[in-house]
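Keep the sequence and the model in view as you go.

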Amino acid sequence: MRIAGETVGTRGIALLSVAALVGLVLGAHGWSSRHHGLPPAGLSGGQPSASASPASSRSAQPGTSPSASAAPAQGPPSAGTPTPTPGPKLSSQSYAAYSFVVWPGTPSPAAQAAETGLTITVHKQGTGISVAAGAAGQPLPAARYYPTGVKVYVIEASMGDDSGNSDFNLGDDGLVVTDSQGRILQ
Amino acid sequence: MSRKAGPVTASRTQSARKADPARRASAAPARTAGSAADDGLVGRAQGIAAEWAPTAARIMLGLVLAWFGYHELIQPQLWTGYVPGVTATSEFAIVLVLGHGWVLLMLAVAIIAGLALRLAAAIAAVLLLQIVITLTITGGLTDLTLRDVGVLGLALCLTGSTRQRAVLTS
């Protein structure tokens, strides 16, 4: 068979047919799971951010309400609110090498780069902090309250999908909150 | 004394070489043989490169396309941010990404196997050109854009490739 002046034999046709079928199967899988596969912390909100600049808002004023577009922060948990159960240590996870501290303290340049395309807000509230994170330009999910002593990390496995102020693939981004002993709360 | 000893010794050595034609004659072929061996090695390396570099380029470009095609197919929701002019949250964007991923996968198989290589490379070049233009418009000339310019160059090179090794033939 000749395609644009080049000959493709029967084995080539067979190979392309198999590839086409495999592609269709993979595509069907991708279509069926198009609402899944988001980072554990739900950073992407279902879509990547390709236009917004990194933003991280922190308030040192206890009880200060988030400014402007920040999500409404929840108050300290009431008696009926379950406290997060500590999970494994962050240091034992495969993505520990890609985690960058956002809170407490001033984020390093690497952490700021990792925040590209994300909006992470951390506010002191009462005796703890409230944390909200999402894709930049998208509505933030409700903030969650954590007791004092926790640390907030941003995960960015690959900076290669960040360009300028855009993160074209949030599939390798995430947010992790650990307790004072480094165990993952979120 | 010791300062003068060096130059004197060197001078003696040079004069001894001049005075000994047999020694000079034996040294010259040794150098010629060495340079010939070097030339042979370089020539052989150049021959191997000329023979296999287009194949390496073909396979590497195919792997790049296969990687992106596969990931666009299995997680299209993570790539909708690249689709120009369409809301990233829409299902239409998902469909476009899936279609793009399927085409990339087919191109990858064709390029790696060497099937209609120049045509496949030309289509890949058009797709990459569209990506470069879109990225330039949306984000300017960034590291990401320039990286794709390099891949575009690789695809363009393969559109003119006439000699390939390790291709699937009928």
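Two residues are in contact if their C-beta atoms, placed from the backbone, lie within 7 Å. The model is predicted, and local features need pLDDT of at least 70, side-chain atom pairs count only at pLDDT 80 or more, while totals for chains, interfaces and linings use all residues. Residues are numbered from 1 along each chain as its sequence is written, and chains are lettered from A and ligands numbered from 1 in the order in which they are written.

**Exercise 1. Describe the surroundings of Ile111(B), and say which residues Ile111(B) touches.**

Step two lists the contacts: leaving aside residues up to four places away in sequence, Ile111(B) touches Arg58(B), Leu61(B), Gly62(B), Leu65(B), Leu117(B), Ala120(B), Ala121(B) and Ala124(B). Ile59(B) is 52 residues away from Ile111(B) in sequence, yet the two C-alpha atoms are 7.0 Å apart in space.

Step three asks about burial. A residue is buried if 20 or more other C-beta atoms lie within 10 Å of its own, exposed if 12 or fewer, and partly exposed in between. Ile111(B) has 27 other C-beta atoms within 10 Å and is therefore buried.

**Exercise 2. Work out how helix 4 and helix 5 of chain B are arranged relative to each other.**

Begin with the chain as a whole, where 5 helices and 0 strands are found, and where 30% of the 170 residues are buried.

Next, take the axes, which are lines fitted to C-alpha atoms, for helices over the stretch in contact, with angles that run from 0 to 180 degrees between N-to-C directions. Those of helix 4 (residues 117-139) and helix 5 (residues 143-159) of chain B come within 8 Å and cross at roughly 160°. Angles under 35 degrees count as roughly parallel, over 145 as roughly antiparallel, 65 to 115 as roughly perpendicular and the rest as oblique. Helix 4 of chain B and helix 5 of chain B are therefore roughly antiparallel to each other.

**Exercise 3. Explain why strand 5 of chain A is described as largely enclosed, and find the strand joined to it.**

Chain A has 2 helices and 11 strands, and 37% of its 186 residues count as buried.

In strand 5 of chain A (residues 118-125), 7 of the 8 residues are buried, so this strand is largely enclosed by the rest of the structure.

The partner is strand 6 of chain A (residues 128-135), joined to strand 5 of chain A by 8 bridges and running antiparallel to it; Leu118(A), for instance, has Ala135(A) as its bridge partner. The two strands form a hairpin with 2 residues between them, and Gly126(A) in the turn has a positive phi of about 65°.

**Exercise 4. Identify the strand order and the edge strands of the open sheet in chain A.**

First comes the order: the open sheet has 3 strands, arranged 4-8-11, with antiparallel pairing; two strands pair if DSSP finds at least two bridges between them. The edge strands are strand 4 (99-103) and strand 11 (173-178) of chain A, each of which pairs on one side only. From one strand to the next, the twist averages 30°.

Finally, 6 bridges join strand 8 (residues 151-156) of chain A to strand 11 of chain A, and the bridge partner of Lys151(A) is Thr178(A).

Definitions and conventions
Helix = DSSP H or I, 4+ residues; strand = E, 2+ residues; numbered from the N terminus.
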